[in-house]
Amino acid sequence: MNAPLLEVRDLRVGFQTDHGLLVAVDEVDLTLERGKMLGLVGESGCGKSVTARAIMRLLEQPSGQVLKGEVKLEGRDLLPLPLEAMRKVRGKEIAMIFQEPMTALNPVHRVGKQIVENLLLHEELTPAAALKRALELMEWVGIPAPDQRIHDYPHQLSGGMRQRVMIAMALSCNPKILIADEPTTALDVTVQAQILELIKRLQKETGMAAILITHDLAVVAETCDDLAVMYAGRLVERGTVESIFRSPYHPYTKGLLECLPKLDHPPKTMLPIIPGMVPGLRDLPIGCRFAARCPNAHGDEVLATRQPWKDCGGGHGVEACACFASKL
Ligand SMILES: Nc1ncnc2c1ncn2[C@@H]1O[C@H](COP(=O)(O)OP(=O)(O)O)[C@@H](O)[C@H]1O
Ligand SMILES: [Mg+2]
């Protein structure tokens with residue numbers, strides 16, 4: 001059997017709120033192949049983090065629920081696993097890093113102690129061996145003078161160094177998959193580039209696969225092999241980065257691409273933006289969710305009917321809204 005490394009099928013995630021059940025992720029399909037980097041993009045609020053948390057089974061409790069679907073790791077559905085088995089998957093098979101490492105690090109413990117304890121939790125090592133491994137890991141992720149930094153508290157490190165510590169902890173047990181949720185969004189631009197380069201280098205060295213969540217398509221262009229575009233809780237387009245950058249079909253994907261800075265962009269003029277906002281979860285149309293912001297003309301039909309998924313070949317597929325489907 002040659003199952004993909006990770007396969008998300010028909011995933012629907014909802015939150016129980018004062019306004020009833022709100023569906024944040026609706027029938028999303030993703031495939032992550034071995035050794036590849038998948039970019040998951042979309043504006044803020046499109047459901048990227050909720051998708052990642054559902055994969056890790058770290059949804060906010062008790063309000064967050066997977067309503068249907070499958071999350072298959074090498075063919076095995078993770079959703080029905082007992083909590084104990086899922087705990088083993090987290091860390092050992094799939095690790096996750098977040099936008100703000102300060103929230104994941106304990107401010108009152110030295111970073112060295114945190115890396116060591118994380119190692120002792122997952123692997124059978126003596127404390128001395130764990131300390132040695134912690135120093136090696138810090139060196140591996142490019143932390144200078146690890147023998148000194150290991151005594152620092154998180155607040156004594158820069159944002160970039162803290163993110164390196166998180167990456168070291170995430171990779172300490174050689175996971176098959178790293179999920180990085182906006183890992184560079186809180187960092188300065190130059191540091192962003194360094195962290196992305198680091199993730200890419202580590203991915204190459206270990207052969208692990210990664211899901212890189214970002215609202216920034218420029219980041220995807222630099223680092224990813226495949227791309228999945230989400231809009232308002234749904235997948236609107238997916239394919240290889242090459243194919244989508246060459247010929248995007250969905251008006252939302254096109255809009256995101258047009259917002260990227262280009263070499264011939266006139267200096268000191270504004271970059272284009274997609275007018276309007278991602279709709280809230282309370283009144284989503286049954287049909288195309290992008291219709292209200294779409295530059296194409298469209299009728300009520302498009303809003304009232306779920307638009308069909310169309311495979312365009314080579315793994316490139318799109319939610320084929322009637323406003324452009326005839327051109328596919
Ligand atoms: N715990 C929660 N309770 C209710 N709604 C939530 C919760 N977490 C996220 N949402 C909603 O789910 C949608 C998707 O959020 P999220 O996945 O965080 O977006 P992003 O693509 O920016 O990561 C948003 O509308 C958000 O308000
Ligand atoms: Mg998010």
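Why does glutamine 114 count as buried? At 9% relative accessibility, glutamine 114 falls in the buried class, because buried means under 20% relative accessible area, with exposed over 50% and partly exposed in between (1.4 Å probe, protein chains only).

This is a predicted model, in which local features need pLDDT of at least 70, side-chain atom pairs count only at pLDDT 80 or more, and totals for chains, interfaces and linings use all residues. Residues are numbered from 1 along each chain as its sequence is written, chains are lettered from A and ligands numbered from 1 in the order in which they are written, and side-chain values use heavy atoms, with hydrogens and water left out.

Glutamine 114 belongs to helix H4 (residues 111–122). Helices (H or I, at least four residues) and strands (E, at least two) are DSSP runs, numbered from the N terminus. Apart from neighbours within four places in sequence, glutamine 114 has contacts (heavy atoms within 4.5 Å) with Leu105, Asn106, His109, Pro154 and Met169.

**Core**

A nonpolar core is a set of buried Ala, Val, Leu, Ile, Met, Phe, Trp, Tyr and Cys residues joined through side-chain atoms within 4.5 Å. The largest one has 99 residues, and those with the most contacts inside it are Leu6, Ile94, Ile167, Leu178, Ile179, Ile211 and Tyr252. Helix H7 (residues 159–171) gives the largest share of this core, seven residues. With neighbours within four places in sequence left aside, leucine 178 touches Ala95, Ile97, Ala170, Leu171, Ile199, Met208, Ala209, Ala210 and Ile211.

**Strands**

Two strands pair if DSSP finds at least two bridges between them. One open sheet has four strands in the order E2-E1-E4-E5, with antiparallel pairing. Strand E2 (20–32) and strand E5 (76–77) are at the edges with a single partner strand each, so one side of each has no neighbour in the sheet. Strand E1 (residues 6–17) is joined to E2 by nine bridges in the antiparallel sense, and leucine 11 stands opposite valine 28 in E2.

In strand E3 (residues 37–41), five of five residues are buried. Met37, Gly39 and Val41 point one way from E3, while Leu38 and Leu40 point the other way.

| Partner of E3 | Sense | Bridges | A bridge pair |
|---|---|---|---|
| E8 (residues 209–214) | parallel | five bridges | valine 41 and threonine 214 |
| E9 (residues 226–231) | parallel | four bridges | leucine 40 and alanine 228 |

**Spaces**

On a 1 Å grid over the protein atoms alone, a cavity is a set of points where a 1.4 Å probe fits but cannot get out, and a pocket is an open set with protein on both sides within 12 Å along at least five of seven lines; lining residues have an atom within 4 Å of a point. Grid points are joined across faces, edges and corners, and a volume is the space filled by probe spheres set on the points.

The largest pocket has a volume of about 610 Å³. Its lining has 21 residues, of which Arg90, Gly91, Asn118, Leu121 and His122 lie nearest its centre. Elements that give two or more residues to this lining are helix H1 (48–56), helix H2 (83–92), strand E6 (94–97), H4 and H7. H2 gives the largest share, five residues.

There is one cavity of 30 Å³ or more. The largest cavity has a volume of about 40 Å³ and is lined by Tyr231, Arg234, Val236, His250, Cys288, Arg289, Phe290 and Glu319.
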